[in-house]
Amino acid sequence: MTEQDKLPPYLACLNPEQLKAVLHEGSPLLILAGAGTGKTRVITTKIAYLVKERGISPESILAVTFTNKAAREMRERAALLEASCERAVIRTFHSFGSWFLRRNAQALGLDSNFVIYDDEDSASLVQAILPNLGKPECRRYASLIARAKDYGLEPDSPSLASLIRDDDFRRVYSLYEERLRGTGNVDFGDLIRLPAKILEKDEAIARRTRQRFRVILVDEYQDSNVAQFLLLQRLFSPATYLCVVGDDDQSIYRFRGAEIRNILGFASIFPGTETIKLERNYRSYQSILDIAGDVVSRNSGRLGKTLRATRPGGAKPQLALLDDQDQEVGFCSRIIGDMRAKGASLSDIAILYRTNAQSLAFEKEFPRRGIPYRLVGALRFYDREEVKDLLAYLSLLLNPRDEISFRRVVNKPARGLGEGSVESILDKALREGISPIEACRQSKEALRGRGKAGMDQFLGLLDRATGLLGKALSQDEPYSLSDGGKRSGKPEGGDAGSASLAVLLESIVKDSGLVAYHRDQDEIAGTQKLANMDELINASSLYPLAREGLAEFLETIELDRSFQAEGEKDGSDAVTLITMHNTKGLEFPCVIVTGLEQGLFPRDDEEGEDLEEQRRLFYVSLTRAKDRLYLSACRWRRIRGRIIETSPSRFLTEMDPGFYEFWKLGASVSRPHAGSFPRRNFPGTRPVPGSAAASMIPKAGSYGARPSVLPSSAATTRPTASIRSTSATRPTPPVSPRQEAGPESVSEWRRGMSVYHDEYGRGSVIKASMTESSGPLVIVQFETGKIAQFFPKYTRKLERIKD
């Protein structure tokens, strides 16, 4: 009988590394658990083993993790192996902090019946202290205070100024703490900071707590912040058995305060640490692990490990180099169709992207193609607050009698118009049979102070927006949300006829104050509200700047919504649309990672530790795939109403070409070709020789050369019609351009045709598309290098030159 045969069944099923980790005792232990290596099984089995085989009292075991779901699963799985594990203290960090604080509140002069303030409560407390501050500024300070507490910093900490560069912050933080202590309550950050403080200051409580918890286990240790590390350090004593489980390659929450150095420096902080690596992967084929490992190996800040699949082989991941995001949606639809034809469920497929705003293209098109989807971790695009705000302004422009839209935006952002004033205006409109806007004009003289100024600003905004619907596009550069309201870039078209509806939306977000309003929320909550407004502007760029264009745009959105509502009734089998961050802990048979362009993922301003975290995020995305993995990058992307030529993500330039193939469709293969992408070089990065991306990077000295033009039809990466043909058979409502033009549809504007524009001179057509009601959409590159988009139906400045 072998040693393995002597083990109880719940241990005999473990692989050698897992078993070693479970049986380990004595010195501190770091379990470095790669993706899909069974870390949850190890930590729950270890709890059961300590109770069942080593005689450890369940009450003396403290196991902490980061979510209630994870804590519940840990408790349930341990209890299945040994029922008495139910009595172990298995909690989230914050739940444990609350439990500890209520039992030791007197050490800080707190009542044990304290109330825990959430983020909104904290902002309200700041406003109570500083009533002259606006609500957004109060939220910002509350967020900064929470950040300081995540780093374990007090108002008088010397390092506070280096973390938060705000001259007034130390004073605000001090006043906040004084008022918070006066209420007898605590905020969320206190649930970690105050227990650590008690353990540091009160030796009797520290000794009693350490005697109680002889075993401490921490799951997902790579996600811990500085304050949580300090709490753990003060719970630990030489008599404590400490075991942490984590994966430095999956540390992706730095923006929430996670500190990767906690796991990287664990062995040096806790002397005698033994490290056990779990590298046997039970999720993915080796072909997927190879490319993921190759990507993350470029990081310098990692402990290092090599995943080995229990499922050898597998198809190589496929990389698709596409023209634009419309083609990207078609590519994903084709993959979905192929998977369904092979008997796969839609729920087997996940489409990943970096930002929530990128879901819009799929949300708009999938219902038309009959593809049910579910959006994970976010509201549907048109249900998001900032999108509804902007749409309400548009609806009010189209119909000044729209009371619902009027109520939503008349005092948003705040203009000093109280509820009573708004109701008085609406009563007047109803009584006299006029629109709320006309009632505003007639009532504004009765307003005083800030309310009158706010009404003038609101009416002026609507007047300027109304004027734009009947005027040519100004030659000023358009407004850019992500640059904080600076003007940058050129619009897709440049004359009256080619002006798009994006100009109107840009004007509204600029004049209304929505940019500053939502930018503050982005900074506080880590949201992407500005990006979502940008994406709505982007969608509007395909409609002409005219009342009929506005009506068509809003009608299309309503039809999109109705299609989405129909799709929700189709059942639970649906494709998953999800951001990269939200995929942590999930797995899917088929994963499609989209939007792999430089500037989008990663952003151009991400270097050093930020860049390494984005590379880890890419690694996490890749390792969600069990069977099939697809990657896509677009050469052209519509950004804030302009067509922008992109470069491939630097992460693609780093990949070994032996680990992937180009996407194949029938006899054609998606391959890079001369000029298929503008070429880029990245500091400190050398592309793998022979890789697709290597051919896109210039020789020394050529960086910054003028971007190449769209490839000719002979050089396209795959037959356009084949992808487009996956469209569903249901009737299609008026939409933006969907199909690349063929000779029978827009032959007047065929690719390569010579044209002349009154202002831009000679050029040639590089792409033509057909819209349902606005006619052909033509993209032209002029001899000056300028690229512009036109709706010939609305302009006479663009003329065809006969051969």
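Here is a short walk through this structure, which is a predicted model, with something to select at each stop.

**Stop 1: the sheet**

Start by colouring the strands. Six of them make an open sheet, and going across it you pass β3, β2, β6, β7, β1 and β8 in that order. The pairing is parallel.

Now pick out residues 89–92, which are β3, and 274–278, which are β8.

**Stop 2**

Next, select 29–33 (β1) together with 241–246 (β7). These two strands pair in the parallel sense, over four bridges. Show the side chains of I31 and V245: I31 stands opposite V245, which belongs to β7.

C243 counts as buried because its relative accessibility is 0%, and buried means under 20%.

**Stop 3**

Select 68–81 to bring up helix α5. Helix α5 lies across β2 (61–65) and β3, and runs at about 160° to β3. Then move to 226–235, helix α13. Helix α13 lies across β2, β6 (215–218) and β7, with an angle of about 160° to β6.

**Stop 4**

Go back to β1 and look at the loop between β1 and α4 (39–52), where you'll find G34. G36 sits in that loop as well. An unreviewed UniProt entry carries a "binding site" annotation covering A33, G34, A35, G36, T37, G38, K39 and T40.

Is G34 buried or exposed? G34 is buried, at a relative accessible area of 4%. Leaving aside residues up to four places away in sequence, G34 touches D247, Q250, L278, K305 and L307.

Now click G36. Its relative accessible area is 18%, and G36 is buried. With residues up to four places away in sequence again set aside, G36 touches R280, N281, Y282 and R283.

**Stop 5: the cysteines**

Last, select the cysteines. How many disulfides does the count come to? The count is zero. Take C634 as an example: C634 is in no disulfide, and the nearest cysteine sulfur, that of C332, is 9.0 Å away. C634 also counts as buried, at 0% relative accessibility.

Key:
Residues numbered from 1 in each chain as written. Predicted model: local features only at pLDDT ≥ 70, side-chain atom pairs only at ≥ 80, totals over all residues. Heavy atoms only, no water. Pairing = 2+ DSSP bridges. Contact = heavy atoms within 4.5 Å. Axes fitted to C-alpha atoms, helices over the stretch in contact; angles between N-to-C directions. UniProt positions renumbered as here; feature names shortened; annotations may be inferred. Buried < 20%, exposed > 50% of the residue type's maximum accessible area, 1.4 Å probe, protein only. Disulfide = S-S within 2.5 Å.
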